[in-house]
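Biologist: Could you walk me through this protein model, one question at a time?

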Amino acid sequence: MTDVAVTGDLQQATVYISVLGDQEQREKTLQGLAKAKGFMRSEIGQRIRLRKTPELFFEFDESVDYGNRIESLISQINSEDKPAEKDEE
């Protein structure tokens with residue numbers, strides 16, 4: 001999943017990317033995107049026909065991580081709120 005935020009003057013575009021994997025895989029993805037930045041800007045310029053193609057910046061989309069943390073916290077709270085089962089004798 002990818003999301004893009006563009007400044008009002010279309011000079012800069014931040015591309016938010018999701019990478020499933022460890023920190024090393026995330027860094028390799030950023031390196032690959034940095035190498036492909038020129039090609040990507042050229043393609044964007046040709047496809048949307050802007051006079052000046054926005055400068056691209058890449059950032060990780062942390063929403064999946066945040067969602068997982070929230071889900072974990074909710075599960076933890078729910079398990080703490082459950083009354084302990086009583087042994088029936």
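Below, we chat through the fold, the core, the salt bridges and the surface.

Modeller: Before we start, this is a predicted model, so to speak: local features need pLDDT of at least 70, side-chain atom pairs count only at pLDDT 80 or more, and totals for chains, interfaces and linings use all residues. Residues are numbered from 1 along each chain as its sequence is written, and side-chain values use heavy atoms, with hydrogens and water left out.

Biologist: What pattern does the chain follow, read along the sequence?

Modeller: Helices (H or I, at least four residues) and strands (E, at least two) are DSSP runs, numbered from the N terminus. The chain has two helices and three strands. Read along the sequence, they give the pattern β-β-α-β-α.

Biologist: Which residues make up the largest nonpolar core?

Modeller: A nonpolar core is a set of buried Ala, Val, Leu, Ile, Met, Phe, Trp, Tyr and Cys residues joined through side-chain atoms within 4.5 Å. Buried means under 20% relative accessible area, exposed over 50%, and partly exposed in between (1.4 Å probe, protein chains only). Strand E2 (12–17) and strand E3 (55–60) are the elements that give two or more residues to this core. Its eight members are Ala13, Val15, Ile17, Val19, Leu33, Leu56, Phe58 and Phe60.

Biologist: Is Val15 buried or exposed?

Modeller: You'll find Val15 in strand E2. Its relative accessibility is 10%, so Val15 counts as buried.

Biologist: How far apart are the C-alpha atoms of Val15 and Leu56?

Modeller: Contact means heavy atoms within 4.5 Å. Leaving out residues up to four places away in sequence, Leu56 touches Ala13, Val15, Lys37, Met40, Arg41 and Ile44. Along the chain, Val15 and Leu56 are 41 residues apart, yet their C-alpha atoms are separated by 7.0 Å.

Biologist: And which residues does Thr14 touch, not counting those up to four places away in sequence?

Modeller: Thr14 lies in strand E2 too. At 17% relative accessibility, Thr14 counts as buried. Its contacts beyond four places in sequence are Asp3, Val4, Ala5, Phe57 and Glu59.

Biologist: Where does H1 bend?

Modeller: The bend at a residue is the angle between axes fitted to the seven residues ending there and the seven starting there. For H1 that angle is about 55 degrees, and the place is Ala36.

Biologist: Which residues are buried in H1?

Modeller: The cover over the buried residues of H1 includes E2, E3 and helix H2 (63–81). The buried ones are Arg26, Leu33 and Gly45.

Biologist: How many residues apart are Glu24 and Lys28 in helix H1?

Modeller: A salt bridge is a side-chain nitrogen of Lys or Arg within 4 Å of a carboxyl oxygen of Asp or Glu. Glu24 and Lys28 form one, with their closest N and O atoms 3.4 Å apart. Lys28 counts as exposed, at 53% relative accessibility. Both residues lie in helix H1 (residues 23–48), and their spacing is about one turn of the helix, or four residues.

Biologist: Why can residues four places apart point the same way in an α-helix?

Modeller: It comes down to the number of residues in a turn. Residues three or four places apart point the same way because an α-helix has 3.6 residues a turn.

Biologist: What parts does the pair of Glu55 and Arg41 tie together?

Modeller: The side chains of Glu55 and Arg41 meet in a salt bridge, 3.5 Å from N to O. The two are 14 residues apart in sequence, so the pair ties together strand E3, where Glu55 lies, and helix H1, where Arg41 lies.

Biologist: Which residues form the nonpolar patch on the surface?

Modeller: Patches are made of residues with over 30% relative accessible area and no salt bridge: like charges are joined within 9 Å, nonpolar side chains (Val, Leu, Ile, Met, Phe, Trp, Tyr) within 5 Å. Accessible areas come from the Shrake-Rupley method with a 1.4 Å probe, and for residues only the protein chains shown count as cover. Together the patch has about 230 Å² of accessible area. Its residues are Val4, Val6 and Leu10.
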